Amino acid sequence: MRLSSTDLLQRYQRWRKLAEPAFWIVLYLLQTSLNCWISWADRVRAGLATPFWEVAVWEWSSNLVLLALVPVVILANQLRPLHLVFQRRNLRWHLAASLVYSLVHVLAMVALRKLAYWSQGSDYDFGDWWRELPYEYVKDVRTYFSILLFTGFYQLLLMRWQGEATLLGEPDAGAAVEPV
């Protein structure tokens, strides 16, 4: 028995509330796990004797906060949709929102790291805030707009699946309509 696209869409709609958060959770779990391994391998190759737990704390604290902020970015896009293709409306608003996003990310990440280091009887130092914040913002602005891009593509895909979004087709047959 072959299912039509309408049947598949109806089945997906039943699982949608579970599938959407699951996508982000799996994405961030994979990203964090790979980042831990790569960061630790880089430090070993550079001859730095950093315990794996520290590298894991750095990656997990950052990515858990970023995962928690995904719904906020999606909500921001619902409030002020970003249409980069045809118009740049709301772009400045999203750039300002990305600054707040980055600041929240860094503050929460540093707090989690301080807590983790404290639990190990150690102290975490973020470094020079004026130097580190721009560095973090460059990474965070990419993440913020990547979330917008992923959700925009996903919404377009759903609209296309439902028949609400169509690609431009060939012109109608017949004589061209003259401009007035």
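Colleague: Is Glu136 buried or exposed?

Modeller: This is a predicted model, and every value here is computed from it. A residue counts as buried when its relative accessible area is under 20%. Glu136 has 6%, so it is buried.

Colleague: Which residue forms a salt bridge with Glu136?

Modeller: The idea is a side-chain nitrogen of Lys or Arg within 4 Å of a carboxyl oxygen of Asp or Glu. Here the partner is Lys139, with the closest N and O atoms 3.6 Å apart. Lys139 is partly exposed, at 29% relative accessibility.

Colleague: How many salt bridges does the count come to?

Modeller: The count is 4. Among them is the pair Arg131 and Glu132, whose side chains meet at 3.3 Å, N to O. Arg131 is exposed, with a relative accessible area of 56%, whereas Glu132 counts as buried at 16%.

Colleague: What about Glu20 and Arg16?

Modeller: Their side chains also form a salt bridge, at 2.5 Å from N to O. Glu20 and Arg16 lie in helix α1 (residues 5-45), 4 residues apart, which is about one turn of the helix.

Colleague: How accessible is each of the two, Glu20 and Arg16?

Modeller: Glu20 has a relative accessible area of 27% and is partly exposed. Arg16, at 26%, is partly exposed as well.

Methods. Residues are numbered from 1 along each chain as its sequence is written. This is a predicted model: local features need pLDDT of at least 70, side-chain atom pairs count only at pLDDT 80 or more; totals for chains, interfaces and linings use all residues. Side-chain values use heavy atoms; hydrogens and water are left out. Helices (H or I, at least four residues) and strands (E, at least two) are DSSP runs, numbered from the N terminus. Buried means under 20% relative accessible area, exposed over 50%, partly exposed in between (1.4 Å probe, protein chains only).
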